[in-house]
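Hello,

Here is the structure for your files, with my notes below it. Please read them alongside the model.

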Amino acid sequence: MKYFKEKADGKPDIWDQTYELFYEFTKGRCSFFEVDAEKCMRFYIYMIQGLRGTKNLSLVEAENHYDCFKSFLGLAYEEGKLDEYTYEELVRYNILIDDKW
């Protein structure tokens with residue numbers, strides 16, 4: 001969570017908002033070892049089904065936040081924070097696009 005927050009600082013507001021949504025979703029407890037395709041899909045469902053208490057996100061807003069989240073994961077992989085196995089799993093489930101090649 002700390003890494004995500006550091007990356008969100010200084011970026012457009014959507015990064016901070018996405019960080020806050022993910023923080024709520026994980027209750028502030030998530031390490032890179034816990035990130036997998038299932039957690040990513042559950043986060044997406046969390047946003048589109050309105051399980052965020054009083055926040056109301058449109059489908060477009062949820063998609064934008066999820067795209068931002070995926071950008072964060074790609075950046076984490078590039079910086080060596082996300083391991084190869086997890087990266088390949090996220091590519092296999094079409095959460096990330098393999099643009100390494």
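The model is predicted, so local features need pLDDT of at least 70 and side-chain atom pairs count only at pLDDT 80 or more, while totals for chains, interfaces and linings use all residues. Residues are numbered from 1 along each chain as its sequence is written, and side-chain values use heavy atoms, leaving out hydrogens and water.

Helix pair. Helices here are DSSP runs of H or I with at least four residues, numbered from the N terminus. H3 (residues 37-48) and H4 (residues 59-78) have axes that come within 9 Å and cross at roughly 155 degrees. That angle makes H3 roughly antiparallel to H4 (over 145 degrees). Axes are lines fitted to C-alpha atoms over the stretch in contact, with angles from 0 to 180 degrees between N-to-C directions. On the H3 side, the contact (heavy atoms within 4.5 Å) is made by Cys40, Met41, Phe43, Tyr44, Met47 and Ile48. H4 contributes Leu59, Ala62, Glu63, His65, Tyr66, Phe69 and Leu73.

Backbone. Most residues other than glycine have a negative phi. Lys27, in the loop between H2 (13-26) and H3, has a positive phi near 60 degrees. Asn94, in the segment after H5 (84-92), also has a positive phi, near 60 degrees.

Regards

Key
Helix = DSSP H or I, 4+ residues; strand = E, 2+ residues; numbered from the N terminus. Parallel < 35°, antiparallel > 145°, perpendicular 65-115°, else oblique.
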